[in-house]
Amino acid sequence: MSYEKIAVECYSGHKANERPVAFTFQGRHWEVAEILDRWYEGGIEAGRPEANYFKVKTTEGNVFLLRYLSVFDAWSIRI
């Protein structure tokens, strides 16, 4: 899997960067209409940073996989 760093606008409720609401990818602004799935990886194991994954559907109907690495405070998209 290959990921590309992106800028993401987030809803921050109980914690910072709780869920994506919009993002910029390939020079285009995408609004998130729905989060289709969400899961977590790592964090407990030494050497594996916590990663939050969001399978999102945009208002245009496109589906993307976004990843947030909290240790780096960085968002990326699967390409």
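The entries below go from the fold to the core, then to rings, charges and loops.

**Ground rules.** I am working with a predicted model, so I noted that local features need pLDDT of at least 70 and side-chain atom pairs count only at pLDDT 80 or more, while totals for chains, interfaces and linings use all residues. Residues are numbered from 1 along each chain as its sequence is written, and side-chain values use heavy atoms, with hydrogens and water left out.

**Entry 1, the fold.** I looked up the strands and found a closed barrel of 6 strands, in the order E1-E2-E3-E4-E5-E6, with antiparallel pairing. Neighbouring strands of this sheet are turned by 45° against each other on average, direction ignored. For my own record: strands are DSSP runs of E with at least two residues, numbered from the N terminus, and two strands pair if DSSP finds at least two bridges between them. The axes behind the angle are lines fitted to C-alpha atoms, and angles run from 0 to 180 degrees between N-to-C directions.

I picked E4 (residues 51-58) and E5 (residues 63-69), which pair in the antiparallel sense over 7 bridges. Which residue in E5 stands opposite lysine 55? I found leucine 65 there.

I stayed in strand E5, where valine 63 has its place. Valine 63 counts as partly exposed because its relative accessibility is 42%; the classes are buried under 20% relative accessible area, exposed over 50% and partly exposed in between, with a 1.4 Å probe and protein chains only. Leaving aside neighbours within four places in sequence, valine 63 is in contact (heavy atoms within 4.5 Å) with Leu36, Lys55, Val56 and Lys57. I also checked valine 63 against leucine 36: they are 27 residues apart in sequence and 8.7 Å apart in space, C-alpha to C-alpha.

I moved to strand E2 (residues 19-25), which holds valine 21. Valine 21 is partly exposed too, at 30% relative accessibility. With neighbours within four places in sequence left aside, valine 21 is in contact with Glu9, Cys10, Tyr11, Glu31 and Val32.

How many residues does the largest nonpolar core have? I noted 13, and those with the most contacts inside it are Ile6, Phe23, Phe64 and Leu66. Such a core is a set of buried Ala, Val, Leu, Ile, Met, Phe, Trp, Tyr and Cys residues joined through side-chain atoms within 4.5 Å. Strands E1 (3-11), E2, E3 (28-41), E4, E5 and E6 (74-78) each supply at least two residues of this core, and E5 gives the largest share, 3 residues. Apart from this core lies another, of 5 residues, among them Tyr3, Tyr53, Leu65 and Leu69. I then looked up isoleucine 6: beyond its neighbours within four places in sequence, its contacts are Phe23, Thr24, Phe25, Leu66, Trp75, Ser76 and Ile77.

**Entry 6, rings.** I counted ring pairs by a simple rule: rings of Phe, Tyr and Trp (its six-membered ring) pair if their centres lie within 6.5 Å, with planes under 30 degrees apart stacked, over 60 edge-to-face and the rest tilted. The count comes to 7 aromatic pairs. Tryptophan 30 and phenylalanine 64 form an edge-to-face pair, 5.0 Å centre to centre, with 65° between the planes. Tryptophan 30 lies in strand E3 and phenylalanine 64 in strand E5, so this pair ties together parts that are 34 residues apart in sequence. Both tryptophan 30 and phenylalanine 64 are buried. The pair of tyrosine 68 and tryptophan 75 is tilted, because the planes are at 40°, with the centres 4.9 Å apart. Tyrosine 68 is buried at 7% relative accessible area, and tryptophan 75 is buried at 6%. Ring pairs also link Phe23, Phe25, Trp30 and Phe64 into a cluster.

The charged end of arginine 28 sits over the ring of tryptophan 30, 4.0 Å from its centre. The charged end of arginine 67 sits over the ring of tyrosine 3, 3.9 Å from its centre.

Most residues other than glycine have a negative phi. Glutamine 26, in the loop between E2 and E3, has a positive phi near 55° and is exposed at 67% relative accessible area. Aspartate 73, in the loop between E5 and E6, has a positive phi of about 50° and is exposed at 53%.

Key. Helices (H or I, at least four residues) and strands (E, at least two) are DSSP runs, numbered from the N terminus. A charge sits over a ring if NZ of Lys or CZ of Arg is within 6 Å of the ring centre and within 35 degrees of the ring normal.
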